[in-house]
Amino acid sequence: MEDIFKIAGKKIRSRFMLGTGKFPSDESMTEAIKASGAHVVTVALRRVDAGAGSGNILSHIPPGRIVMPNTSGARNAAEAVRIARLAREAGAGDWIKIEAIPDNRHLLPDNLETIKATGVLAREGFIVMPYFNPDLADARRLRDAGAASVMPLGAPIGTNKGVTTRELIKILVSELDLPVVVDAGLGRPSHAAEAMELGAAAVLVNTAVAVSGDPAGMAEAFALAVKAGRRAWLAGAGAARELAEASSPLTGFLR
Amino acid sequence: MSFYEVLRARAGRAAGLIASAAETDVLRALSEENPNEAAFRALLSPAAVPRLETMARRAGELTARHFGRTVSLYAPLYLGNYCENECVYCGFRHSGAMERRKLSYAEVEEEGRALADSGIRHALLLTGESRVQTPVKYIGACAGILKERFGSVSVEVYPLEAAEYAELVRAGADGLTLYQETYDETLYARLHRAGPKRDFRYRLDAPERACRGGMRAVGVGALLGLADFRREVFFAGLHADYLQRAYPAAEISVSLPRFRPQGVGFAPGARVSNRDLVQAMTALRLFLPRAGITVSTREPAALRRNLVGLGVTRMSAGSRTGVGGYAAEEKSPGQFSVADSSGVEEVKAMIRKRGFHPVMKDWQTF
């Protein structure tokens, strides 16, 4: 069975997306991207130094990938929009992952600002992937604002705690007509598999791969787990049965 | 509310509470996911010394999770050494017989070019305290010149009003570093004999004013060696915690500068061993998992190498602490003598050898 994954009409070769921060070296990042098979990789624009030659992180991303800049460092919508426009001016293309994070204690996003930035950037033709606290009403607002997918957090960034927002993710998957890409907090391949079993369209991982003892090995392990989880979802086992029960009154009133 | 109230409420008892922490307190602190203030005291206590290896492992793991296997690099750039203060331990103090100068804007440009050529992308601008010779307008103009070459331009200058910090932000600065020197108010009065710096509270509240003025990154710290390091690091950590809670959008960091000889014949009041420094760093990391921790070239290369992986997130490299030190040979004596004189490339190689990535650019003023 063909299992096509599209975002904004573009066919994406892998449901495993990889972040490029925190790696112990540029080489280990390159190897991890290759081993992951990731088609979409995210890069913090704050890290990009166009004039640095081999010191420019972009020069270490293997060809054939969609490079999706993120707005890391933005604290509100205005800053996220500014960073996105700069990324586009710098030739980074139209994909943008919005991070609007006014809290450095927990790195939790601000949904209100994220929705605002999504609206502005979608109108400017960006393919917008907003990172947000999983909330159904806000997910719908993001969709209405023009998001190409939504990226709910599994757990706060860097915590490696797994899909702690499991119930909310399940609701997003069942209620939303947009790809749900679980981002942040996935510390082990089994967490990624779990997210995919719940019906996520894809996952994005960074820390768990970058800081492992063998980033390429861990990237491959995650890629396999994502495939396994996806296969399980398609096979209709476990998580899928839970979805079938979603017609029960618990989520039924939301329709 | 000000951190001064937090400090005053604890000033009398902190040293005693730290000293009396028991082994059980340390074990409890180590078992907690989010160590609180009491746990932080235990981690800084003499009772925690036998657990240093455990603390180091936890600190290393937490740092990797939140900052990755990376160390960001920066370098200081001294704009001027005019100073009205009389700090008994400082090479820039007012009564010191040294040539005083400040960089012209053309020299700032030249210094910036020389520093940027070394690969540094984060610059920290410093002056002595002289509102006459190096006024806010001048510092802002320098930041404006340098922001063209650097992803981040921070300042380490005399305490300012919130509106003045905002002025620097508009000019292109994005960060502030300001050490309280000592959190012991009585000792502070003895060490700072004359000049505007005598106002303990005005300095203490400056990082908060910087946050209000819109500075993105704000760093605090105590000059270790002036007083008992356990109490000093405790209050530096509480200061950072206070700022993080009050201004969650700001990136708060803590520096751990150890006293270095300044050629002024000052004998520090407390010895801070390498072991003490490691305890301070790892305790801070466990208490503040997401705070940046900075180690400068005040520390020798051999020690800096070993500190990578224990909690440090930012290091200076290739530092010159005299005015105009990059474009030419040192034109004036430095504020303190650098212990690690390695060049930027050597520091990068050292960090790589430790299995970490030297990050040259991690910000851009957007």
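In the predicted model, chain A and chain B touch each other: 26 residues of chain A are in contact with 23 residues of chain B. On the side of chain A that touches chain B, the elements that give two or more residues are α2 (77-89) and α7 (207-210) of chain A. Of these, α2(A) supplies four residues, the largest share of that side. Sorted by class, the side of chain A that touches chain B holds nine nonpolar, eight polar and nine charged residues.

Helix α2(A) also packs within its own chain. Its partner is helix α3 (residues 111-123) of chain A; the angle between the two is about 35 degrees, and their axes are 8 Å apart. The crossing of α2(A) and α3(A) is right-handed. From α2(A), the contact uses Ala77(A), Ala80(A), Val81(A) and Ala84(A). From α3(A), it uses Glu113(A), Lys116(A), Ala117(A), Val120(A) and Leu121(A). The contact of α2(A) with α3(A) therefore counts seven nonpolar, no polar and two charged residues, with Glu and Lys classed as charged.

In soluble globular proteins, nonpolar side chains tend to be buried together. The largest nonpolar core of the model has 110 residues. Those with the most contacts inside this core are Leu43(B), Leu73(B), Ala123(B), Leu125(B), Met281(B) and Ala283(B). Helix α12 (residues 229-246) of chain B gives the most to the core, namely nine residues. For Ala123(B), the contacts beyond its neighbours within four places in sequence are Tyr74(B), Ala75(B), Leu77(B), Leu115(B), Leu146(B), Phe150(B) and Val153(B). A second, separate core has 82 residues, among them Val81(A), Ala87(A), Val182(A) and Ala219(A).

Helix α12(B) is made of 18 residues, and 16 of its 18 residues are buried. From its first C-alpha to its last, α12(B) reaches 25 Å, close to the 26 Å expected at 1.5 Å a residue. Helix α1 (residues 3-11) of chain B packs with α12(B) at an angle of about 145 degrees, and the axes of the two helices are 10 Å apart. The crossing of α1(B) and α12(B) is right-handed. Phe3(B), Val6(B) and Leu7(B) of α1(B) form one part of the contact, and Phe235(B), Leu238(B), His239(B) and Tyr242(B) of α12(B) form the other. These residues divide into six nonpolar, one polar and no charged.

Two alanines of chain A have positive phi values. In Ala8(A), which is not a glycine, phi is near 50 degrees. Ala8(A) lies in the loop between β1 (6-7) and β2 (10-11) of chain A. Ala8(A) counts as partly exposed because it has 17 C-beta neighbours inside 10 Å. In Ala184(A), also not a glycine, phi is positive at about 80 degrees. Ala184(A) is placed in the loop between β9 (181-183) and α6 (189-197) of chain A. Ala184(A) counts as buried because it has 27 C-beta neighbours inside 10 Å, where 20 or more are required.

A further loop residue of chain A is Pro63(A), found between β4 (40-44) and β5 (66-70). Pro63(A) is exposed because 4 other C-beta atoms lie within 10 Å, and the limit for an exposed residue is 12 or fewer. Pro63(A) and Lys34(A) are 29 residues apart in sequence, and their C-alpha atoms are 9.9 Å apart in space.

Notes. Residues numbered from 1 in each chain as written. Chains lettered and ligands numbered in written order. Predicted model: local features only at pLDDT ≥ 70, side-chain atom pairs only at ≥ 80, totals over all residues. Contact = placed C-beta atoms within 7 Å. Core = buried A, V, L, I, M, F, W, Y, C linked by C-beta atoms within 7 Å. Expected span 1.5 Å × (residues − 1). Axes fitted to C-alpha atoms, helices over the stretch in contact; angles between N-to-C directions. Left-handed = near helix turned anticlockwise from the far one by under 90°.
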